[in-house]
Amino acid sequence: MRSWLKMIKELTIRPKGERQIRKSPSYSFDEDMKKPLSGIKVKEILGSSSDVVFREFFIEGKERIPCLLAAVDGMVDKNQLDQFILKPLMVDLAGHSEVTQLTLANVVDRTLQSILPGLEFKKITKMEEAINAILSGDAVIFFGDTTEALVFGARGWPSRGVAEPITESIVKGPREGFSETLRTNTSLLRRKIKHPSLRIISLKLGNLTNTDLVVTYIDKVASPDIVAEVFRRLGTIKMDSMLGNGYIEEMIEDNPYSPFPQIAFTERPDVLAGKLLEGKVGIIVDGTPIVLVVPAIMTQFLNVNEDYYQRAMVAVLSRFVRYLGAFVAMLAPSIYIAVTTFHQEIIPTDLLMSISVGRQGVPLPALLEALTMTVVLEILQEAGLRLPKPIGQTIGIVGALIIGDAAVKAGLVTPLMVIMIGLTAVASYAIPTFDLGLAVRIIRFPFMVLAGFLGFFGVSVGLYVVTIHLLSLRSFGVPYLSPIAPLRIRALLQDTFVRAPWWALKRRPQLIDVEEPRSGKKG
Amino acid sequence: MERISTHQFMTLGAAVLMGTTFLPVASIATGAGGRDGWMSVLPGFAMVIPYSLMVLSLLAQYPNKNLLQISEALLGKWIGKCIGVIYISITGYFGGLLLSQCGDIYERSIMPLTPLWLFYLGGLLLVFYTVSSGVEVFARFSEIVFPMIVIALVLNIGLSIPRMEQGELLPILSEGLKPIFSGAFKIMPFAMEYILFLAGILTFLPNSKKELAQLKNGVWRAVFLVGILDMLVVLIQILVFGPEEVNRLVYGLLVLGKIVEISRTVSGVESLFMGVWLGASVVKISAFFFTVTWGLETVFGFKGVKWNLAVCAVFLGIAFGFVRGHSLFVEITLVDDYLILPFASVWIPILWGVSRWKKGAGVQ
């Protein structure tokens with residue numbers, strides 16, 4: 001018995017030291033990274049990867065200098081390598097005036113200064129820089145056993161190109177969207193804001209993935225406190241992998257347990273430019289077309305970029321419809337439940353009679369009826385979302401028309417309930433931001449339960465709980481319900497529920513205490 | 001340290017001062033002042049202005065301290081502690097009664113079959129959440145709720161205009177000015193409830209010279225805004241029901257909400273108004289919850305979630321003690337008239353007087 005216990009203990013309880021650290025493969029390279037830069041060592045580290053190519057050649061200078069060119073096949077533009085490295089060093093060098101003076105001691109500097117014609121050359125001295133450059137798609141040239149090397153920025157891989165974003169379609173406005181390539185994205189942004197104060201600061205995250213990202217903002221427009229906070233939070237991220245914006249979003253948001261999105265995202269350069277001009281900060285991650293924008297406030301999720309391309313009157317009407325849609329999507333089923341279960345006095349008599357007739361023979365109470373229909377709606381939405389477009393549409397039509405109609409004919413639900421849930425579904429599509437739409441879908445259920453048990457009292461309690469929760473949220477120090485609470489009247493009247501005409505939008509939205517004029521001067 | 005802006009102070013002050021006063025104010029004003037009772041509302045509320053100015057002048061002299069701390073500094077440790085205990089007892093008891101009132105109005109008006117404890121629990125949940133979120137969130141909450149209360153009151157008043165009978169007001173001042181004075185005296189305790197809250201929130205207020213001037217302006221605005229709104233509430237009820245009926249109906253506004261009708265189509269919308277009244281109730285109860293927690297922290301050094309839960313338990317206990325109806329209304333009036341009014345109207349002037357005397361005499 002004792003031996004059994006001992007065996008179980010050995011199998012289940014690991015020694016303390018072993019339990020504490022689960023070493024990631026990246027750590028095994030740490031020692032190599034600290035060693036002096038050497039082409040041979042790089043070949044040793046990366047040589048086993050079939051996609052990493054090495055090209056050895058010699059420069060015939062004053063002495064014979066062995067060279068090693070390293071790059072990742074598929075990530076570099078081979079034509080550029082041929083044209084700007086191999087041809088100048090192997091073919092054109094013979095007739096170069098400096099060729100007779102080239103030695104191992106001066107080859108790096110002389111090559112950089114007067115032999116290689118490319119724009120993006122950089123001298124490096126650390127092993128870590130060399131490895132990262134190669135794995136990021138640059139080419140690195142090592143010269144003999146010197147501890148210096150040259151990095152050539154020749155990144156070139158197949159990419160999707162600039163296309164119209166699917167999630168943010170627009171009627172009247174630019175059609176271009178971000179792609180998965182970081183530099184393409186920064187160039188799209190730079191084309192929108194041609195001003196030296198636009199800052200694009202590069203970072204790397206993910207111990208294994210070494211993902212490139214940039215933090216972008218407009219100097220003297222963005223609050224220095226917010227910018228510093230962005231860098232501080234990004235600096236605290238310690239992860240092996242960083243495969244997309246979602247990783248960062250969860251790591252830097254203020255309240256990870258809230259259903260409400262606290263970081264905005266966009267796929268459009270014009271939207272990002274607009275947000276930066278409002279004093280916000282963008283985070284562009286390589287490998288994803290989604291750009292994060294901080295800080296985010298609640299009303300921002302209900303406003304779309306088209307508001308700024310349409311005339312003010314049209315924009316105001318659109319916003320009103322969206323806000324109404326969000327309200328209906330969140331509360332329509334619960335109000336229906338509360339009214340039919342507890343507060344029939346609110347309903348005009350004719351309508352009450354009609355509802356009463358419709359409910360005859362329906363076996364489920366209004367709460368269960370609504371919950372069932374909403375769950376069916378959620379299933380249909382989820383099923384249609386990931387299917388190919390034509391099938392997804394079919395699912396929607398089959399679900400909405402056939403199942404709904406069959407359920408009414410079978411006497412399982414009332415026609416009014418089908419209308420109500422259909423209205424809820426349509427209204428939820430009026431919410432322009434996917435993340436906020438999800439939050440509304442989540443909180444719809446507790447509202448229905450509260451309405452089913454406590455009528456309008458329950459709905460009121462739910463609404464106040466959500467309000468207090470929203471009031472307690474902050475996004476990078478900015479109150480989430482700003483400019484409603486804390487009240488900033490100008491921002492509220494200019495660009496929140498309504499959008500004032502452009503000639504009246506003289507000041508930037510007041511994110512923090514300082515309110516700057518849009519012209520950049522105190523007005 | 002949490003801080004609220006001068007604008008938030010104004011809105012929060014107005015929301016706390018208003019609280020649920022619009023429910024019983026008509027009954028109380030007409031009970032004391034008859035058909036001229038509506039004229040006593042604004043003067044009754046205005047009585048709070050000198051007290052508020054005294055409190056704010058104490059803030060200028062003792063920045064970042066609440067009145068309990070100032071009491072200890074001016075009157076000595078033990079007298080200060082005794083005042084603190086009285087303060088905690090009064091505000092704690094009154095907060096519990098307000099929670100009871102919250103359940104009572106729901107049960108009376110729209111949901112007579114729902115168990116009372118569910119209303120208490122729902123209300124207390126909101127209060128606890130608000131208090132746990134801090135003063136800043138409370139101030140922002142009032143920025144949202146107060147405009148809703150104003151809109152709901154204006155709707156109630158506006159939609160009742162077709163039922164008005166002007167003759168109910170006449171003859172005006174038939175019994176002289178005496179009813180106005182007696183009505184104002186009965187309204188004063190409402191305003192003194194606000195002073196108790198102001199005594200505690202001082203530590204969260206800005207205290208530069210410019211901001212102090214804005215705070216004083218905020219008090220004036222809050223008092224006049226709430227005074228005028230409550231006056232209109234009383235006036236419309238007198239015009240619709242007549243003074244005797246208003247006095248008999250304890251919560252006349254709820255009845256007014258019941259009879260609201262738009263074009264003979266939309267009616268029975270009191271359940272919608274009740275949602276707003278719940279918000280008002282939460283603001284008022286939270287204000288008293290805060291005062292209790294500030295008191296406990298200052299006097300005994302008790303703070304944290306477990307003490308907040310203890311205060312919740314006390315509130316619930318008091319709410320269950322005075323279940324409903326007229327006895328609850330009488331109890332609230334008694335606490336207002338015989339505890340809050342005398343305590344605040346004696347405490348504040350004494351503190352202010354002693355501080356002025358010490359300042360004049362050069363005593364630190």
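This is a predicted model: local features need pLDDT of at least 70, side-chain atom pairs count only at pLDDT 80 or more; totals for chains, interfaces and linings use all residues.
Five strands, that is 5, make up an open sheet, and their order across it is 1-2-4-5-3, with antiparallel pairing. Strands of a sheet pair through backbone hydrogen bonds. Strand 1 (52–60) and strand 3 (121–124) of chain A each have a single partner strand, so one side of each has no neighbour in the sheet. From one strand to the next, the twist averages 25 degrees.

Now zoom in on one pair. Strand 2 and strand 4 of chain A run antiparallel and are joined by 4 bridges. One residue to look for is C67(A), whose bridge partner in strand 4 of chain A is F143(A). Helix 4 of chain A packs on the sheet, where it touches strand 1, strand 2 and strand 4 of chain A, and its direction makes about 30 degrees with that of strand 2.

Next comes helix 7 (residues 127–135) of chain A. Its buried residues include M127(A), A130(A) and I134(A). Looking down the axis, the buried residues of helix 7 of chain A fall within an arc of 165 degrees, so they line one face of the helix. After helix 7 of chain A comes G137(A), with a positive phi near 110 degrees.

Finally, the two chains meet. Chain A puts 23 residues into the contact and chain B puts in 29 residues. On the chain A side, the largest share, 12 residues, comes from helix 18 (residues 434–472) of chain A. Here is that side by class:

| Class (side of chain A touching chain B) | Count |
|---|---|
| Nonpolar | 17 residues |
| Polar | 5 residues |
| Charged | 1 residue |

Definitions and conventions:
Residues are numbered from 1 along each chain as its sequence is written. Chains are lettered from A and ligands numbered from 1 in the order in which they are written. Two strands pair if DSSP finds at least two bridges between them. Helices (H or I, at least four residues) and strands (E, at least two) are DSSP runs, numbered from the N terminus. Axes are lines fitted to C-alpha atoms, for helices over the stretch in contact, and angles run from 0 to 180 degrees between N-to-C directions. Two residues are in contact if their C-beta atoms, placed from the backbone, lie within 7 Å. Ala, Val, Leu, Ile, Met, Phe, Trp, Tyr, Cys and Pro count as nonpolar, Asp, Glu, Lys and Arg as charged, and the others, Gly among them, as polar. A residue is buried if 20 or more other C-beta atoms lie within 10 Å of its own, exposed if 12 or fewer, and partly exposed in between; C-beta atoms are placed from the backbone. The arc is that of the directions from the helix axis to the C-beta atoms.
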